[in-house]
Amino acid sequence: MAAANPSVTDGPRKSLILNAFVEMCSGHQSPGLWRHPEDESHRFNDVDHWIELAQLLESAKFHGIFIADVLGGYDVYKGPRNLAPAIASGAQWPVNEPLAVVSAMASATKNIGFGVTVTTTYEQPYHLARRLSTVDHLSKGRYVVTGYLDSAARNLGHAQQPQHDDRYAIAEEYVRVTYKLWESSWRDDAVVLDRERGIYTDPSRVREINHEGKYFNVPGPHLCQPSPQRTPVILQAGTSKAGKTFAAQHAEAIFVAGHSPAVVAKNIAEIRAMAQAQFGRDPKSIKFLALLCPVLGRTEEEAREKFQYYRSLGSIDGALALFGGWTGINLDTYGDDEELRHVESNAIRSAVEGWSKSTPEVAKWTKSTVGQHITVGGLGATPVGTPAQVADEMERWVREADVDGFNLAYAIKPGSFKDIIDLLIPELRRRGLFWEDYAVERGTYRENLYGKPGQRGPPVDHPASKYRWHAGVDAADHKIPEN
(Lines give C-alpha, C1' and ligand atoms only; values in the text may rest on other atoms or scores of the structure.)
Protein backbone atom coordinates (compact mmCIF):
# COMPACT_ATOMS: atom_id res chain seq x y z
CA MET A 1 0.00 0.00 0.00
CA ALA A 2 1.24 3.45 -0.86
CA ALA A 3 2.28 5.89 1.82
CA ALA A 4 -0.39 8.15 3.28
CA ASN A 5 -1.28 11.12 1.12
CA PRO A 6 -2.22 14.14 3.24
CA SER A 7 -3.80 15.89 0.25
CA VAL A 8 -6.84 13.58 0.34
CA THR A 9 -7.87 15.14 3.64
CA ASP A 10 -8.53 18.54 2.04
CA GLY A 11 -12.08 19.64 1.20
CA PRO A 12 -15.56 18.71 2.47
CA ARG A 13 -16.14 15.41 4.20
CA LYS A 14 -18.86 12.75 4.05
CA SER A 15 -19.45 11.47 7.57
CA LEU A 16 -19.15 7.70 7.23
CA ILE A 17 -21.64 5.06 8.31
CA LEU A 18 -19.82 2.19 10.04
CA ASN A 19 -21.44 -1.18 10.68
CA ALA A 20 -19.75 -4.26 12.10
CA PHE A 21 -20.34 -7.24 9.79
CA VAL A 22 -20.55 -10.58 11.61
CA GLU A 23 -22.36 -13.91 11.63
CA MET A 24 -23.31 -16.36 14.38
CA CYS A 25 -20.45 -18.68 13.49
CA SER A 26 -16.65 -18.90 13.70
CA GLY A 27 -14.59 -16.87 11.26
CA HIS A 28 -17.40 -15.55 9.03
CA GLN A 29 -15.52 -13.89 6.12
CA SER A 30 -12.12 -15.24 7.24
CA PRO A 31 -12.34 -19.04 7.26
CA GLY A 32 -9.86 -20.83 9.49
CA LEU A 33 -8.85 -17.82 11.56
CA TRP A 34 -10.66 -19.28 14.55
CA ARG A 35 -7.26 -20.98 15.01
CA HIS A 36 -5.72 -17.63 16.03
CA PRO A 37 -4.93 -17.71 19.77
CA GLU A 38 -6.73 -14.40 20.34
CA ASP A 39 -9.83 -15.14 18.28
CA GLU A 40 -13.06 -15.52 20.26
CA SER A 41 -15.51 -16.04 17.38
CA HIS A 42 -15.89 -19.66 18.55
CA ARG A 43 -17.89 -18.19 21.47
CA PHE A 44 -20.82 -17.46 19.17
CA ASN A 45 -23.07 -19.81 21.19
CA ASP A 46 -22.51 -17.66 24.29
CA VAL A 47 -24.92 -14.72 24.72
CA ASP A 48 -22.30 -12.89 26.79
CA HIS A 49 -20.03 -12.85 23.73
CA TRP A 50 -22.64 -10.90 21.79
CA ILE A 51 -23.45 -8.53 24.63
CA GLU A 52 -19.74 -7.77 25.08
CA LEU A 53 -19.38 -7.12 21.33
CA ALA A 54 -22.41 -4.81 21.25
CA GLN A 55 -21.16 -2.81 24.21
CA LEU A 56 -17.66 -2.57 22.74
CA LEU A 57 -18.91 -1.29 19.39
CA GLU A 58 -21.40 1.11 20.98
CA SER A 59 -18.57 2.62 23.04
CA ALA A 60 -16.93 3.54 19.71
CA LYS A 61 -20.25 4.86 18.29
CA PHE A 62 -20.65 2.28 15.52
CA HIS A 63 -23.97 2.80 13.76
CA GLY A 64 -24.88 -0.85 13.90
CA ILE A 65 -24.07 -4.53 13.97
CA PHE A 66 -25.24 -6.51 10.96
CA ILE A 67 -25.52 -10.26 11.54
CA ALA A 68 -25.50 -12.15 8.25
CA ASP A 69 -27.16 -15.54 7.97
CA VAL A 70 -27.41 -18.61 5.75
CA LEU A 71 -29.98 -21.40 5.87
CA GLY A 72 -27.77 -24.10 4.42
CA GLY A 73 -24.17 -25.19 4.13
CA TYR A 74 -21.61 -24.38 1.43
CA ASP A 75 -21.65 -27.66 -0.53
CA VAL A 76 -20.50 -26.81 -4.08
CA TYR A 77 -16.72 -27.24 -3.66
CA LYS A 78 -15.65 -30.87 -4.18
CA GLY A 79 -19.35 -31.50 -4.72
CA PRO A 80 -22.02 -31.82 -5.66
CA ARG A 81 -23.59 -31.63 -2.21
CA ASN A 82 -20.33 -32.11 -0.35
CA LEU A 83 -20.36 -30.31 2.98
CA ALA A 84 -17.13 -31.85 4.29
CA PRO A 85 -14.77 -28.93 3.41
CA ALA A 86 -17.05 -26.41 5.13
CA ILE A 87 -17.71 -28.64 8.14
CA ALA A 88 -14.06 -29.49 8.76
CA SER A 89 -12.79 -25.92 8.38
CA GLY A 90 -15.67 -24.23 10.19
CA ALA A 91 -16.51 -22.16 7.10
CA GLN A 92 -19.80 -20.64 8.27
CA TRP A 93 -20.58 -24.01 9.85
CA PRO A 94 -22.08 -24.40 12.37
CA VAL A 95 -24.20 -21.24 12.26
CA ASN A 96 -27.03 -20.08 14.52
CA GLU A 97 -30.20 -18.12 13.81
CA PRO A 98 -29.36 -14.43 14.42
CA LEU A 99 -32.67 -12.85 15.39
CA ALA A 100 -32.63 -14.67 18.74
CA VAL A 101 -29.65 -12.69 20.07
CA VAL A 102 -30.75 -9.20 19.02
CA SER A 103 -32.98 -8.55 22.05
CA ALA A 104 -30.19 -9.52 24.44
CA MET A 105 -27.79 -7.08 22.78
CA ALA A 106 -30.43 -4.36 22.63
CA SER A 107 -31.19 -4.70 26.34
CA ALA A 108 -27.50 -4.13 27.17
CA THR A 109 -27.09 -1.02 24.95
CA LYS A 110 -28.86 2.25 24.22
CA ASN A 111 -27.99 3.50 20.76
CA ILE A 112 -26.35 0.99 18.46
CA GLY A 113 -28.60 -0.55 15.81
CA PHE A 114 -29.02 -4.21 14.82
CA GLY A 115 -29.73 -5.94 11.55
CA VAL A 116 -30.06 -9.52 10.35
CA THR A 117 -30.46 -11.37 7.10
CA VAL A 118 -33.89 -12.94 6.61
CA THR A 119 -34.76 -15.23 3.72
CA THR A 120 -38.22 -14.28 2.50
CA THR A 121 -38.37 -17.28 0.14
CA TYR A 122 -39.04 -19.64 3.03
CA GLU A 123 -41.13 -17.61 5.46
CA GLN A 124 -44.63 -16.23 5.04
CA PRO A 125 -44.87 -12.42 5.20
CA TYR A 126 -47.53 -12.47 7.92
CA HIS A 127 -45.26 -14.42 10.27
CA LEU A 128 -42.11 -12.45 9.43
CA ALA A 129 -43.84 -9.08 9.83
CA ARG A 130 -44.84 -10.10 13.35
CA ARG A 131 -41.31 -11.27 14.26
CA LEU A 132 -39.74 -8.05 13.01
CA SER A 133 -42.30 -5.80 14.69
CA THR A 134 -41.60 -7.61 17.95
CA VAL A 135 -37.86 -7.00 17.66
CA ASP A 136 -38.46 -3.37 16.68
CA HIS A 137 -40.51 -2.93 19.88
CA LEU A 138 -37.97 -4.68 22.09
CA SER A 139 -35.02 -2.76 20.63
CA LYS A 140 -36.93 0.54 20.76
CA GLY A 141 -36.65 0.97 17.02
CA ARG A 142 -33.00 0.04 16.58
CA TYR A 143 -33.65 -2.63 13.98
CA VAL A 144 -32.89 -3.14 10.29
CA VAL A 145 -33.54 -6.09 7.99
CA THR A 146 -32.22 -7.49 4.60
CA GLY A 147 -30.58 -16.78 0.76
CA TYR A 148 -28.96 -17.90 -1.92
CA LEU A 149 -27.88 -21.50 -1.21
CA ASP A 150 -29.55 -24.49 -2.88
CA SER A 151 -28.77 -26.49 0.27
CA ALA A 152 -31.17 -24.17 2.12
CA ALA A 153 -33.87 -24.86 -0.46
CA ARG A 154 -33.45 -28.62 -0.12
CA ASN A 155 -33.67 -28.47 3.66
CA LEU A 156 -36.89 -26.48 3.44
CA GLY A 157 -38.74 -28.76 1.05
CA HIS A 158 -37.68 -27.40 -2.34
CA ALA A 159 -35.56 -29.10 -5.00
CA GLN A 160 -33.64 -25.88 -5.56
CA GLN A 161 -33.90 -22.13 -5.19
CA PRO A 162 -36.58 -20.39 -7.28
CA GLN A 163 -35.18 -18.80 -10.42
CA HIS A 164 -33.33 -15.54 -9.68
CA ASP A 165 -35.81 -13.11 -11.27
CA ASP A 166 -38.74 -15.12 -9.89
CA ARG A 167 -37.33 -14.56 -6.40
CA TYR A 168 -37.44 -10.82 -6.96
CA ALA A 169 -41.00 -10.97 -8.32
CA ILE A 170 -42.01 -12.83 -5.17
CA ALA A 171 -40.00 -10.37 -3.04
CA GLU A 172 -41.78 -7.41 -4.66
CA GLU A 173 -45.20 -8.71 -3.65
CA TYR A 174 -43.84 -9.90 -0.32
CA VAL A 175 -42.58 -6.47 0.68
CA ARG A 176 -45.90 -4.87 -0.33
CA VAL A 177 -47.71 -7.27 2.01
CA THR A 178 -45.41 -6.30 4.87
CA TYR A 179 -45.94 -2.59 4.14
CA LYS A 180 -49.69 -3.16 4.42
CA LEU A 181 -49.29 -5.05 7.69
CA TRP A 182 -46.81 -2.64 9.27
CA GLU A 183 -48.22 0.65 7.99
CA SER A 184 -51.90 0.22 7.00
CA SER A 185 -53.37 -2.34 9.39
CA TRP A 186 -53.18 -0.17 12.53
CA ARG A 187 -53.70 3.55 12.89
CA ASP A 188 -50.87 5.33 14.69
CA ASP A 189 -53.11 5.99 17.71
CA ALA A 190 -55.00 2.68 17.79
CA VAL A 191 -53.83 1.72 21.30
CA VAL A 192 -55.68 4.03 23.71
CA LEU A 193 -55.34 2.25 27.11
CA ASP A 194 -58.58 3.84 28.28
CA ARG A 195 -58.92 2.50 31.82
CA GLU A 196 -62.23 4.22 32.52
CA ARG A 197 -64.01 2.70 29.52
CA GLY A 198 -62.02 -0.54 29.63
CA ILE A 199 -60.79 -0.17 26.06
CA TYR A 200 -57.22 -1.24 25.37
CA THR A 201 -57.27 -0.76 21.59
CA ASP A 202 -59.96 1.08 19.61
CA PRO A 203 -61.39 -1.55 17.21
CA SER A 204 -62.21 1.10 14.61
CA ARG A 205 -58.48 1.83 14.29
CA VAL A 206 -57.46 -1.73 13.39
CA ARG A 207 -58.41 -3.37 10.09
CA GLU A 208 -57.77 -6.30 7.83
CA ILE A 209 -55.53 -5.68 4.83
CA ASN A 210 -57.26 -8.32 2.64
CA HIS A 211 -54.30 -8.78 0.34
CA GLU A 212 -55.01 -11.11 -2.58
CA GLY A 213 -52.07 -11.52 -4.94
CA LYS A 214 -50.27 -13.89 -7.28
CA TYR A 215 -48.09 -15.38 -4.55
CA PHE A 216 -49.77 -14.47 -1.23
CA ASN A 217 -53.23 -14.17 0.24
CA VAL A 218 -53.10 -12.37 3.58
CA PRO A 219 -56.31 -11.07 5.16
CA GLY A 220 -54.67 -9.78 8.34
CA PRO A 221 -54.90 -7.76 10.48
CA HIS A 222 -51.32 -7.45 11.74
CA LEU A 223 -50.94 -8.99 15.19
CA CYS A 224 -48.61 -6.30 16.58
CA GLN A 225 -49.38 -2.69 17.40
CA PRO A 226 -47.27 -0.07 15.56
CA SER A 227 -43.62 -0.34 16.55
CA PRO A 228 -41.26 2.67 16.81
CA GLN A 229 -40.21 2.48 13.14
CA ARG A 230 -43.19 0.44 11.90
CA THR A 231 -41.28 -0.51 8.74
CA PRO A 232 -37.68 -1.33 9.73
CA VAL A 233 -34.84 0.02 7.61
CA ILE A 234 -34.64 -2.20 4.52
CA LEU A 235 -31.22 -3.31 3.32
CA GLN A 236 -30.42 -4.93 -0.02
CA ALA A 237 -27.38 -6.84 -1.21
CA GLY A 238 -28.13 -7.83 -4.83
CA THR A 239 -26.79 -5.95 -7.86
CA SER A 240 -28.24 -8.03 -10.71
CA LYS A 241 -30.66 -6.22 -13.04
CA ALA A 242 -33.66 -7.41 -11.01
CA GLY A 243 -31.80 -6.73 -7.77
CA LYS A 244 -30.93 -3.17 -8.78
CA THR A 245 -34.55 -2.42 -9.70
CA PHE A 246 -35.76 -3.75 -6.36
CA ALA A 247 -33.08 -1.80 -4.50
CA ALA A 248 -33.78 1.45 -6.35
CA GLN A 249 -37.40 1.26 -5.26
CA HIS A 250 -37.26 -0.20 -1.75
CA ALA A 251 -33.77 -0.16 -0.21
CA GLU A 252 -32.61 2.49 2.24
CA ALA A 253 -29.12 0.96 2.45
CA ILE A 254 -27.31 -1.32 0.01
CA PHE A 255 -24.36 -3.61 0.66
CA VAL A 256 -21.69 -3.78 -2.04
CA ALA A 257 -18.50 -5.83 -2.22
CA GLY A 258 -15.49 -5.75 -4.49
CA HIS A 259 -11.72 -5.65 -4.49
CA SER A 260 -11.64 -2.01 -5.64
CA PRO A 261 -14.01 0.97 -6.01
CA ALA A 262 -14.12 0.50 -9.79
CA VAL A 263 -15.88 -2.86 -9.33
CA VAL A 264 -18.93 -1.29 -7.67
CA ALA A 265 -18.96 2.34 -8.89
CA LYS A 266 -21.09 1.65 -11.97
CA ASN A 267 -23.74 -0.26 -10.01
CA ILE A 268 -23.96 2.48 -7.40
CA ALA A 269 -24.40 5.18 -10.04
CA GLU A 270 -27.04 3.12 -11.88
CA ILE A 271 -29.09 2.46 -8.76
CA ARG A 272 -29.01 6.12 -7.68
CA ALA A 273 -30.08 7.23 -11.18
CA MET A 274 -32.85 4.62 -11.36
CA ALA A 275 -34.16 5.54 -7.89
CA GLN A 276 -34.61 9.14 -9.00
CA ALA A 277 -35.79 8.65 -12.59
CA GLN A 278 -38.16 5.70 -12.13
CA PHE A 279 -39.28 5.96 -8.52
CA GLY A 280 -38.96 9.65 -7.63
CA ARG A 281 -36.60 9.06 -4.72
CA ASP A 282 -33.77 11.24 -3.53
CA PRO A 283 -30.73 9.31 -4.83
CA LYS A 284 -28.54 10.52 -1.98
CA SER A 285 -30.95 9.09 0.59
CA ILE A 286 -29.87 5.57 -0.41
CA LYS A 287 -26.80 4.66 1.61
CA PHE A 288 -24.19 2.37 0.05
CA LEU A 289 -21.94 0.39 2.39
CA ALA A 290 -18.84 -1.38 1.04
CA LEU A 291 -17.44 -4.57 2.57
CA LEU A 292 -14.02 -3.88 4.08
CA CYS A 293 -11.73 -5.97 6.27
CA PRO A 294 -8.89 -3.66 7.38
CA VAL A 295 -5.72 -5.12 8.86
CA LEU A 296 -4.13 -2.37 10.95
CA GLY A 297 -0.77 -1.76 12.56
CA ARG A 298 0.97 1.18 14.14
CA THR A 299 3.52 0.80 11.36
CA GLU A 300 3.12 -0.64 7.87
CA GLU A 301 5.58 -3.40 8.76
CA GLU A 302 3.52 -4.38 11.81
CA ALA A 303 0.34 -4.48 9.73
CA ARG A 304 1.94 -6.64 7.03
CA GLU A 305 3.38 -9.07 9.58
CA LYS A 306 -0.08 -9.38 11.14
CA PHE A 307 -1.63 -9.96 7.71
CA GLN A 308 0.87 -12.67 6.81
CA TYR A 309 0.21 -14.43 10.12
CA TYR A 310 -3.53 -14.32 9.43
CA ARG A 311 -2.91 -15.78 5.97
CA SER A 312 -0.86 -18.62 7.48
CA LEU A 313 -3.82 -19.67 9.63
CA GLY A 314 -6.51 -19.42 6.96
CA SER A 315 -8.17 -22.52 5.54
CA ILE A 316 -7.85 -22.87 1.75
CA ASP A 317 -10.54 -25.56 1.68
CA GLY A 318 -12.83 -23.39 3.77
CA ALA A 319 -12.24 -20.39 1.50
CA LEU A 320 -12.96 -22.42 -1.64
CA ALA A 321 -16.10 -23.81 -0.01
CA LEU A 322 -17.30 -20.24 0.57
CA PHE A 323 -16.33 -19.27 -2.98
CA GLY A 324 -18.39 -22.17 -4.30
CA GLY A 325 -21.44 -21.09 -2.32
CA TRP A 326 -21.07 -17.44 -3.32
CA THR A 327 -20.55 -18.13 -7.03
CA GLY A 328 -21.85 -21.64 -7.74
CA ILE A 329 -18.38 -22.53 -9.11
CA ASN A 330 -16.56 -25.70 -8.04
CA LEU A 331 -12.86 -24.88 -8.35
CA ASP A 332 -11.98 -28.49 -7.51
CA THR A 333 -12.53 -29.29 -11.19
CA TYR A 334 -9.36 -27.36 -12.08
CA GLY A 335 -5.79 -28.59 -11.70
CA ASP A 336 -3.71 -27.55 -8.73
CA ASP A 337 -1.29 -25.56 -10.91
CA GLU A 338 -3.79 -24.39 -13.55
CA GLU A 339 -3.72 -20.66 -14.34
CA LEU A 340 -7.31 -19.52 -13.77
CA ARG A 341 -6.90 -16.41 -15.92
CA HIS A 342 -6.86 -18.74 -18.95
CA VAL A 343 -9.87 -20.99 -18.22
CA GLU A 344 -13.08 -20.95 -20.28
CA SER A 345 -15.32 -19.71 -17.46
CA ASN A 346 -16.03 -15.99 -17.88
CA ALA A 347 -17.07 -15.73 -14.23
CA ILE A 348 -13.77 -17.14 -12.97
CA ARG A 349 -11.65 -15.11 -15.40
CA SER A 350 -13.48 -11.90 -14.48
CA ALA A 351 -13.02 -12.43 -10.74
CA VAL A 352 -9.39 -13.41 -11.02
CA GLU A 353 -8.51 -10.59 -13.44
CA GLY A 354 -9.93 -8.11 -10.95
CA TRP A 355 -7.88 -9.56 -8.12
CA SER A 356 -4.74 -9.63 -10.26
CA LYS A 357 -5.06 -5.93 -11.03
CA SER A 358 -5.34 -5.05 -7.34
CA THR A 359 -2.50 -7.41 -6.35
CA PRO A 360 -0.12 -7.46 -9.34
CA GLU A 361 2.63 -9.02 -7.24
CA VAL A 362 0.84 -12.41 -7.54
CA ALA A 363 2.51 -14.12 -10.52
CA LYS A 364 0.05 -16.98 -11.00
CA TRP A 365 -3.59 -17.39 -9.96
CA THR A 366 -4.39 -21.00 -9.12
CA LYS A 367 -7.27 -22.27 -7.02
CA SER A 368 -4.91 -22.26 -4.03
CA THR A 369 -4.06 -18.61 -4.71
CA VAL A 370 -7.77 -17.75 -4.90
CA GLY A 371 -8.43 -19.58 -1.65
CA GLN A 372 -5.57 -17.78 0.08
CA HIS A 373 -6.90 -14.44 -1.20
CA ILE A 374 -10.30 -15.15 0.35
CA THR A 375 -9.01 -16.35 3.75
CA VAL A 376 -8.82 -12.77 5.11
CA GLY A 377 -11.90 -10.72 4.35
CA GLY A 378 -13.72 -12.84 1.79
CA LEU A 379 -14.65 -11.14 -1.49
CA GLY A 380 -14.34 -7.61 -0.11
CA ALA A 381 -11.35 -5.31 0.00
CA THR A 382 -8.66 -5.96 2.63
CA PRO A 383 -6.51 -2.84 3.05
CA VAL A 384 -3.35 -3.50 5.06
CA GLY A 385 -1.42 -0.66 6.69
CA THR A 386 -1.33 2.14 9.20
CA PRO A 387 -4.48 4.02 10.24
CA ALA A 388 -3.57 6.84 7.85
CA GLN A 389 -3.08 4.42 4.94
CA VAL A 390 -6.37 2.61 5.59
CA ALA A 391 -8.20 5.93 6.00
CA ASP A 392 -6.74 7.03 2.65
CA GLU A 393 -8.16 3.88 1.08
CA MET A 394 -11.57 4.50 2.62
CA GLU A 395 -11.53 8.03 1.24
CA ARG A 396 -10.68 6.61 -2.18
CA TRP A 397 -13.79 4.41 -2.01
CA VAL A 398 -15.90 7.46 -1.16
CA ARG A 399 -14.32 9.52 -3.92
CA GLU A 400 -14.29 6.92 -6.69
CA ALA A 401 -17.37 4.82 -5.93
CA ASP A 402 -19.59 7.28 -3.99
CA VAL A 403 -20.07 4.94 -1.03
CA ASP A 404 -21.53 6.31 2.20
CA GLY A 405 -19.85 3.96 4.63
CA PHE A 406 -18.54 0.49 5.26
CA ASN A 407 -19.50 -2.93 6.54
CA LEU A 408 -16.40 -3.76 8.55
CA ALA A 409 -15.61 -7.48 8.62
CA TYR A 410 -13.08 -9.03 10.97
CA ALA A 411 -10.05 -11.25 10.61
CA ILE A 412 -10.19 -12.11 14.31
CA LYS A 413 -12.96 -11.21 16.75
CA PRO A 414 -12.93 -8.99 18.72
CA GLY A 415 -9.28 -8.13 17.97
CA SER A 416 -9.95 -6.64 14.54
CA PHE A 417 -12.71 -4.42 15.96
CA LYS A 418 -10.45 -3.33 18.82
CA ASP A 419 -7.82 -2.30 16.25
CA ILE A 420 -10.47 -0.34 14.35
CA ILE A 421 -11.55 1.38 17.55
CA ASP A 422 -8.08 2.11 18.93
CA LEU A 423 -6.26 2.92 15.69
CA LEU A 424 -8.57 3.69 12.78
CA ILE A 425 -11.49 5.60 14.28
CA PRO A 426 -9.28 8.30 15.87
CA GLU A 427 -7.76 8.89 12.42
CA LEU A 428 -11.20 9.06 10.80
CA ARG A 429 -12.32 11.57 13.41
CA ARG A 430 -9.19 13.64 12.88
CA ARG A 431 -10.19 13.92 9.24
CA GLY A 432 -13.82 14.73 10.01
CA LEU A 433 -14.98 11.39 8.57
CA PHE A 434 -16.76 9.93 11.59
CA TRP A 435 -19.05 11.40 14.19
CA GLU A 436 -18.11 11.96 17.83
CA ASP A 437 -21.44 10.66 19.09
CA TYR A 438 -24.80 9.38 17.93
CA ALA A 439 -26.85 12.02 16.14
CA VAL A 440 -29.95 11.09 18.15
CA GLU A 441 -29.42 9.83 21.69
CA ARG A 442 -31.54 6.69 22.21
CA GLY A 443 -32.85 7.21 18.70
CA THR A 444 -34.02 4.63 16.19
CA TYR A 445 -31.61 3.16 13.69
CA ARG A 446 -33.26 5.19 10.93
CA GLU A 447 -32.86 8.47 12.85
CA ASN A 448 -29.14 7.82 13.23
CA LEU A 449 -28.73 6.48 9.69
CA TYR A 450 -30.02 9.77 8.28
CA GLY A 451 -28.92 11.97 11.17
CA LYS A 452 -32.47 13.32 11.44
CA PRO A 453 -34.30 13.45 14.78
CA GLY A 454 -37.90 12.39 14.31
CA GLN A 455 -37.26 10.35 11.14
CA ARG A 456 -38.56 7.15 12.66
CA GLY A 457 -40.57 5.96 9.69
CA PRO A 458 -39.52 5.71 6.05
CA PRO A 459 -38.88 9.05 4.25
CA VAL A 460 -41.78 10.55 2.32
CA ASP A 461 -40.29 9.47 -1.02
CA HIS A 462 -40.02 5.83 0.08
CA PRO A 463 -42.88 3.59 -1.15
CA ALA A 464 -43.72 2.39 2.39
CA SER A 465 -44.64 5.91 3.45
CA LYS A 466 -47.79 6.02 1.33
CA TYR A 467 -49.14 3.03 3.28
CA ARG A 468 -48.99 4.84 6.66
CA TRP A 469 -52.36 5.12 8.45
CA HIS A 470 -51.85 8.31 10.43
CA ALA A 471 -53.46 9.29 13.72
CA GLY A 472 -56.79 11.06 13.38
CA VAL A 473 -57.56 9.72 9.91
CA ASP A 474 -60.73 7.65 9.52
CA ALA A 475 -60.40 4.29 7.80
CA ALA A 476 -62.70 5.47 5.02
CA ASP A 477 -60.35 8.33 4.27
CA HIS A 478 -57.22 6.15 4.05
CA LYS A 479 -57.42 3.43 1.46
CA ILE A 480 -54.76 0.74 1.51
CA PRO A 481 -52.68 1.08 -1.66
CA GLU A 482 -53.05 -1.84 -4.04
CA ASN A 483 -49.36 -1.82 -5.00
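The buried residues of helix 3 (buried: under 20% relative accessible area with a 1.4 Å probe, protein chains only) pack against helix 1, strand 2, strand 3, helix 4 (125-138) and strand 4 (143-145). Contact means heavy atoms within 4.5 Å. Helix 3 covers residues 99-107, and its buried residues are Leu-99, Val-101, Val-102, Ala-104, Met-105 and Ala-106. Helices (H or I, at least four residues) and strands (E, at least two) are DSSP runs, numbered from the N terminus.

This is a predicted model: local features need pLDDT of at least 70, side-chain atom pairs count only at pLDDT 80 or more, and totals for chains, interfaces and linings use all residues. Residues are numbered from 1 along each chain as its sequence is written, and side-chain values use heavy atoms, without hydrogens and water.

Now the sheet. Its 8 strands form a closed barrel in the order 1-2-3-4-9-10-11-14, with parallel pairing. Strands pair if DSSP finds at least two bridges between them. Strand 2 (residues 64-68) and strand 3 (residues 113-116) run parallel, joined by 4 bridges. Phe-66 stands opposite Gly-115 in strand 3. Helix 1 (residues 47-59) packs on the sheet and touches strand 1 (17-23), strand 2 and strand 3.

| Helix | Residues in the contact |
|---|---|
| Helix 8 (residues 261-279) | Pro-261, Val-264, Ala-265, Ile-268 |
| Helix 13 (residues 387-401) | Arg-396, Trp-397, Glu-400, Ala-401 |

The two helices, helix 8 and helix 13, pack at about 35 degrees, with axes 9 Å apart.

Note on methods. Axes are lines fitted to C-alpha atoms, for helices over the stretch in contact, and angles run from 0 to 180 degrees between N-to-C directions. Buried means under 20% relative accessible area, exposed over 50%, partly exposed in between (1.4 Å probe, protein chains only).
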